[in-house]
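Dear colleague,

I am handing over the structure we discussed. Please have a look before reading my notes.

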Amino acid sequence: MSDENLIQAARDAAKHSWSPYSDYAVGAALKFDDGAVITGTNIENASYGLALCAETVAVAKALGEGRRGGLVEVAVVGPLDKGDGAPITPCGRCRQVLNEIAQLGGTDPRVLCVGAEEVREVALSALLPHAFGPEHLG
Ligand code: THU
């Protein structure tokens, strides 16, 4: 799947966002080395602090389906008409959550952060340097 198609998968996922409190729909798409794509979108709650980010939902789906690595690429898309239009990057918690499945398979996924006018590509290791992960636990 091309970068553009992965970004489109993230956009499609965002259509299912449950984000009535922030009105900020986010979509994420994870691409695996066998070609599989698993998506997620942000899921909020009337108890505001319980919101789950799109990337976290996608990783939970992947781990919950038995995937233990093989993550090669991630696309993240937020609303392009809000804020300054700059690409959104995964929040700190999501970086750690993404790192879990990446480290399990020894990959350093490319993260495509989609903005209104540019797609910023960053390695997960650059977003979360010196990460703590499963390999530290032995
Ligand atoms: N959000 C994500 O889904 N991913 C991110 O990386 C940043 C923030 C969600 C959480 C919340 O539902 C909304 O965006 C506003 O913060």
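Below are notes on the salt bridges and on one serine.

The model is predicted. The UniProt record, an unreviewed entry, lists residues 1-135 as "domain: CMP/dCMP-type deaminase". That span is 32% helix and 21% strand, and its end C-alpha atoms lie 29 Å apart.

Salt bridges. The structure holds nine.

- Arginine 11 and glutamate 4: their side chains meet at 3.7 Å, N to O. Arginine 11 is partly exposed at 29% relative accessibility. Glutamate 4 is partly exposed too, at 47%.
- Lysine 82 and aspartate 23: the N to O distance is 3.2 Å. Lysine 82 sits in the loop between strand E3 (71-77) and helix H3 (92-105), and aspartate 23 in the loop between H1 and E1, so the bridge ties together parts 59 residues apart in sequence. Lysine 82 is partly exposed at 28%; aspartate 23 is exposed at 54%.
- Arginine 110 and glutamate 73: again a salt bridge, 3.2 Å from N to O. Arginine 110 is partly exposed at 29%. Glutamate 73 is buried at 2%, because buried means under 20% relative accessible area.

Glu73 and Arg110 also belong to a salt-bridge network with Asp3, Lys31 and Glu121.

Serine 19. This residue lies in the loop between helix H1 (3-14) and strand E1 (27-32). Serine 19 is buried, with a relative accessible area of 9%. Its side chain makes a polar contact of 2.7 Å with the side chain of serine 17. Beyond four places in sequence, serine 19 touches Tyr24, Ala25, Asn42 and Glu44.

Best wishes

Key: Residues numbered from 1 in each chain as written. Predicted model: local features only at pLDDT ≥ 70, side-chain atom pairs only at ≥ 80, totals over all residues. Heavy atoms only, no water. Helix = DSSP H or I, 4+ residues; strand = E, 2+ residues; numbered from the N terminus. Buried < 20%, exposed > 50% of the residue type's maximum accessible area, 1.4 Å probe, protein only. Polar contact = N/O pair within 3.5 Å; in protein donor to acceptor, adjacent residues only side chain to side chain. Contact = heavy atoms within 4.5 Å. UniProt positions renumbered as here; feature names shortened; annotations may be inferred. Salt bridge = Lys/Arg side-chain N within 4 Å of Asp/Glu carboxyl O.
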